Amino acid sequence: MADAEDGANNQPAGYIPAKVWAWDKENGGQFANINRPVSGATHEKELPVGQHPFQLYSLGTPNGQKVTIMLEELLAAGYADAEYDAWLINIGKGDQFGSGFVAINPNSKIPAMMDHSTNPPTRLFESGSMLVYLGEKFGAFYPTEHYKRAETMNWLMWQMGSAPFVGGGFGHFYAYAPFKMEYPINRYAMETKRQLHVLDTNLANREYVIGDEYTIADIAIYTWYGAIMSSAYNAQEFLSVHEYKHVKRWMDLLEARPGVQRGRIVNRSFGDVQLAERHSASDIDAVLNAKS
């Protein structure tokens, strides 16, 4: 391409990609201080361990909320063995690069979890993997019937594959990049709206994502697309989210569930309602009672 060769119309003006990429530690953007091109621990730090079977190390972002909502839904359904401690991982300070965290998740992304009810304990990373693990372990919110399970996995994998375009794509360039660039914002806004239309079309004839049953697919999709519909990146007017009426109806349905209400505030260190750590049901109760 001519533009790529002479750089006249590139951003910034005159920019031409080098033959070999080199890491610029001062590359700008909100997360420049923690992003790097290599994996592994940067410092020694053991993780705390509480008294419950599940030890979650996380932050109340969409990916973290998937797991806390699932755990709270299990507890609400009477599965007492789903009790958990949720410890805050401050990604802005690089907690995810501590040796204890990396031992659980070599990818240094939240959430990470240990199941101490097994011997030896089972490590878990990737939020979708945790949802499947918990669904299978407790036999809840993960259908056993052939077609329903396949459809649940279809939509769970859709979310896992699609959300990076929303967060790392649209969210990054619209809200976090060091300056506004029309091309990537337009590119990822178009993709985000396309995904919302996919979801809206599916929900036009279904109460929940797979039909008449609430599953881990709803939990996974809600945390990302519910956020886009309501508050994420302050982009709701820009994306015209009012167009997706079926998504809004489904959001309201989920947000009426106590498990969703409780799970989405765990490990939150930002916003109006915060709960940095959760070690018992009373921790959540105190926050919700204070809000009301």
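The structure is a predicted model, in which local features need pLDDT of at least 70 and side-chain atom pairs count only at pLDDT 80 or more, while totals for chains, interfaces and linings use all residues. Residues are numbered from 1 along each chain as its sequence is written, and side-chain values use heavy atoms, with hydrogens and water left out. Helices are DSSP runs (H or I, at least four residues), numbered from the N terminus.

Helix α6 has 22 residues and reaches 31 Å from its first C-alpha to its last, close to the expected 32 Å; the expected span is 1.5 Å times one less than the number of residues.

Two packed helices are described by the angle between their axes and the distance between the axes. Here axes are lines fitted to C-alpha atoms over the stretch in contact, and angles run from 0 to 180 degrees between N-to-C directions. The axes of α5 and α6 come within 9 Å and cross at roughly 150 degrees. The two helices α5 and α6 are therefore roughly antiparallel, a term for angles over 145 degrees. Contacts (heavy atoms within 4.5 Å) between them involve W155, W158 and F173, among others, in α5, and residues including Y188, T192 and V198 in α6.

Against α9, the axis of α6 lies 7 Å away at an angle of about 70 degrees. Helices α6 and α9 are therefore roughly perpendicular, the class for 65 to 115 degrees. On the α6 side the contact is made by L196, L199, D200 and L203, and on the α9 side by K245, H246, V247, R249 and W250.

Q195 is found in α6, which covers residues 182-203. Its relative accessible area is 0%, so Q195 is buried. Leaving aside neighbours within four places in sequence, Q195 is in contact with W158, S162, A163, F165, V166 and Y225. The side chain of Q195 reaches the backbone oxygen of S162 at 3.2 Å.

M251 has its place in α9 (residues 245-255). With 3% relative accessibility, M251 also counts as buried. Not counting residues up to four places away in sequence, M251 touches G226, M229 and S230. The C-alpha atoms of M251 and Y225 are separated by 8.9 Å, and the two residues are 26 residues apart along the chain.

Conventions: Buried < 20%, exposed > 50% of the residue type's maximum accessible area, 1.4 Å probe, protein only. Polar contact = N/O pair within 3.5 Å; in protein donor to acceptor, adjacent residues only side chain to side chain. Parallel < 35°, antiparallel > 145°, perpendicular 65-115°, else oblique.
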